[in-house]
Amino acid sequence: MLYLALKVLHILAVVLFLGNIITGLFWKAHADRSSNPEVIAHTFEGIIRSDRLITIPSVIAIGVAGVIAAIIGKLPILGTGWIFWSIVLFAVSGLVFSMRVAPLQAKLAELSRADGPKGKFNWARYHALSREWELWGLFAILTPLAAVVLMVFKPAIPGL
């Protein structure tokens, strides 16, 4: 029973995690269409806040519930390929997020808040940073999505 409860917690945390990071892309695109730096700044502040309130707790729940469930289920974490490689993909996503996506979010929010006189917003800088954020963000989303595929299909791939 505990195994199944942890598995449910793990799956719910994955749903919250992926839902939140994918929704961030939607809201950023929505804000960009406004062409209003104040709206864009507000949106990035919301994305950053939702990362603190939803993404980070979900990451913790995914890791804790997943590892404990694997231990209870007597699944060797490093020796079971689909678990090991899912952890690797999830870790890569976390590294990309912390080293690239989060700093870019902060820069984009700051740039948007520093609008200056009307019409003086640095759109060229914003678009350059924005494209970089979207690229790294896509990578940070695709890696945990690949982990979900591994977790569902459980392919017979080697671990350590």
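I began with burial: of the 160 residues of the protein, 34% count as buried (under 20% relative accessible area, with exposed meaning over 50% and partly exposed in between, for a 1.4 Å probe and protein chains only). I am working from a predicted model, where local features need pLDDT of at least 70 and side-chain atom pairs count only at pLDDT 80 or more, while totals for chains, interfaces and linings use all residues. Residues are numbered from 1 along each chain as its sequence is written, and side-chain values use heavy atoms, with hydrogens and water left out.

**Overall layout**

I found 4 helices and 0 strands (DSSP runs, with H or I over at least four residues for helices and E over at least two for strands, numbered from the N terminus). From the N terminus on, the order of elements is α-α-α-α. The C-alpha trace spans about 60 × 30 × 20 Å along its principal axes. I also checked contacts (heavy atoms within 4.5 Å): among those with a separation of 6 or more, 78% come from residues 24 or more positions apart.

**Helices α2 and α3**

Next I looked at how α2 (residues 37–72) packs on α3 (residues 81–113): the angle is about 160° and the axes are 10 Å apart. That makes α2 roughly antiparallel to α3. For the record, axes are lines fitted to C-alpha atoms, for helices over the stretch in contact, and angles run from 0 to 180 degrees between N-to-C directions. Angles over 145 degrees count as roughly antiparallel, under 35 as roughly parallel, 65 to 115 as roughly perpendicular and the rest as oblique.

I noted a left-handed crossing of α2 past α3 (the near helix is turned anticlockwise from the far one by less than a right angle; clockwise would be right-handed). On the α2 side the contact includes Phe-44, Ile-48 and Val-59, and on the α3 side the residues include Phe-90, Phe-97 and Leu-108. By class, I read 15 nonpolar, 2 polar and 3 charged residues in this contact (nonpolar: Ala, Val, Leu, Ile, Met, Phe, Trp, Tyr, Cys and Pro; charged: Asp, Glu, Lys and Arg; polar: the others, Gly among them).

**Salt bridges**

How many salt bridges are there? The count comes to 5, each being a side-chain nitrogen of Lys or Arg within 4 Å of a carboxyl oxygen of Asp or Glu.

I looked up Glu-134 and Lys-28, whose closest N and O atoms are 2.9 Å apart. This pair links distant parts of the chain, with Glu-134 in α4 (residues 123–153) and Lys-28 in α1 (residues 2–34), 106 residues apart. Lys-28 is buried, at 2% relative accessibility, whereas Glu-134 is partly exposed at 35%. I saw that Lys-28, Asp-32 and Glu-134 are linked in a network of salt bridges.

Arg-100 and Glu-132 also form a salt bridge, at 3.6 Å from N to O. Arg-100 lies in α3 and Glu-132 in α4, so the pair ties together parts 32 residues apart in sequence. Arg-100 is partly exposed at 36%, and Glu-132 is partly exposed at 27%.

**Ser-50**

Is Ser-50 buried or exposed? Ser-50 is buried, with a relative accessible area of 17%, and its place is in α2. Leaving out residues up to four places away in sequence, I found that Ser-50 touches Asn-20 and Thr-55.
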